[in-house]
Amino acid sequence: MLFNFRILLNNAALRNGQRFVVRNFRSGQPLQNKVQLKGRDLLTLKNFTGEEIKYMLWLSADLKFRIKQKGEYLPLLQGKSLGMIFEKRSTRTRLSTETGFALLGGHPCFLTTQDIHLGVNESLTDTARVLSSMTDAVLARVYKQSDLDILAKEASIPIVNGLSDLYHPIQILADYLTLQEHYGSLKGLTLSWIGDGNNILHSIMMSAAKFGMHIQAATPKGYEPDPSIIKLAEQYAKENSTKLSLTNDPLEAARGGNVIITDTWISMGQEEEKKKRLQAFKGYQVTMKTAEVAASDWTFLHCLPRKPEEVDDEVFYSPRSLVFPEAENRKWTIMAVMVSLLTDYSPQLQKPKF
């Protein structure tokens with residue numbers, strides 16, 4: 001009966017374009033069926049369902065456990081290569097991707113603006129087709145989301161957003177894995193954003209409600225999130241019965257929040273706005289005064305690098321700060337992204353609670 005049940009379930013799932021984990025009740029082991037992400041692009045979490053994002057987090061936890069805790073060698077990407085296009089410098093994105101891809105047996109190839117000028121000396125179309133012939137996937141850290149969209153349209157391999165002006169999806173995966181590890185579950189958490197209405201906040205707004213998380217975001221006037229993203233986030237909140245609150249008052253956003261999150265006020269490419277931005281963000285520094293109105297179990301996240309005007313040392317280096325586990329989880333989550341987009345591997349670890 002179990003065999004017939006699995007066939008029926010798998011056939012129904014495949015008609016819907018997905019495969020699901022079914023537990024073998026006799027052995028207690030998960031059967032090798034999963035959400036199918038192989039061949040997909042990761043440009044924004046807007047394009048992924050809650051179950052698909054949960055699957056990537058499950059895979060992250062699985063790889064972290066098997067490699068870091070058990071010391072296993074998993075050459076899941078052996079023979080595969082990754083093109084890494086970086087228009088913007090980075091510590092965590094580069095290190096996590098290069099070391100993670102190599103740890104899984106693959107070969108990452110790093111390309112800076114000295115090696116490749118997107119759309120300058122060669123069209124994006126031509127670049128996408130050349131990279132498709134030589135690599136198995138591309139991670140691109142760019143100024144414009146539109147460049148990623150063109151690369152994805154023209155390439156025949158998966159394109160992963162390593163950061164753009166609109167979104168930073170791989171950072172949010174690391175954030176969610178960190179919170180799942182700390183709280184044991186994501187559902188019902190309130191995320192309190194205090195800072196710029198930037199790509200990090202946009203990515204949170206495109207995904208948090210899918211886990212049943214609430215958002216309370218404070219941004220200075222004139223630095224609110226993109227209106228089209230607000231509209232879609234409101235739709236997600238309604239569909240998932242979660243709350244979305246946008247304000248210009250940092251303490252209002254922090255009130256009752258489980259997770260206080262901030263980010264740089266001045267992103268790369270905005271250096272000329274520094275004086276204006278520092279003036280606009282006065283009163284937005286995260287301090288213990290901010291935390292006083294948060295939930296009793298509050299924690300703090302920052303994707304780094306951090307400036308003291310964004311969060312003071314007392315909060316940043318406190319036991320409530322999860323910034324360094326968050327940074328480490330960039331590695332395990334990007335490894336999971338690559339494995340899910342390039343292989344048929346199924347997690348062996350029991351699925352965590354989300």
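Colleague: What makes L124, T127, A128, L131 and S132 the buried residues of helix α4?

Modeller: In this predicted model, local features need pLDDT of at least 70 and side-chain atom pairs count only at pLDDT 80 or more, while totals for chains, interfaces and linings use all residues. Residues are numbered from 1 along each chain as its sequence is written, and side-chain values use heavy atoms, with hydrogens and water left out. Buried means under 20% relative accessible area, exposed over 50%, and partly exposed in between, with a 1.4 Å probe and protein chains only. In α4, which spans residues 124-134, those five are the buried ones.

Colleague: Which elements do the buried residues of α4 pack against?

Modeller: They pack against β1 (81-86), β2 (107-111), β3 (137-141) and α5 (145-154), where contact means heavy atoms within 4.5 Å. Helices (H or I, at least four residues) and strands (E, at least two) are DSSP runs, numbered from the N terminus. The chain has 13 helices and nine strands.

Colleague: What describes the way α6 and α13 pack?

Modeller: Two packed helices are described by the angle and the distance between their axes. Axes are lines fitted to C-alpha atoms, for helices over the stretch in contact, with angles from 0 to 180 degrees between N-to-C directions. For α6 (169-183) and α13 (323-342), the axes come within 8 Å and cross at roughly 115°.

Colleague: Which residue classes make up the contact of α6 with α13?

Modeller: Nice one to count: there are eight nonpolar, four polar and four charged residues. Ala, Val, Leu, Ile, Met, Phe, Trp, Tyr, Cys and Pro count as nonpolar, Asp, Glu, Lys and Arg as charged, and the others, Gly among them, as polar. The residues that meet include I170 and L173 in α6, and P325 and W332 in α13.

Colleague: Why is T44 called buried?

Modeller: T44 has a relative accessible area of 5%, under the 20% limit, so T44 is buried. T44 is found in the loop between α1 (2-15) and α2 (50-69). Leaving aside neighbours within four places in sequence, T44 is in contact with Y167, P169 and M206.

Colleague: What makes the pair of T44 and K46 a polar contact?

Modeller: A polar contact is a pair of N or O atoms within 3.5 Å; within protein, one must be able to donate a hydrogen and the other to accept it, and residues adjacent in sequence count only if both atoms are side-chain atoms. The backbone nitrogen of K46 lies 3.1 Å from a polar atom of the side chain of T44. The side chain of T287 likewise reaches the backbone nitrogen of K289, at 3.2 Å.

Colleague: Is L304 buried or exposed?

Modeller: Its relative accessible area is 14%, so L304 is buried. L304 is in the loop between β9 and α12, and its phi is near 70°, a positive value in a residue other than glycine.

Colleague: What kind of peptide bond joins L304 and P305?

Modeller: A cis one, with omega about 0°.
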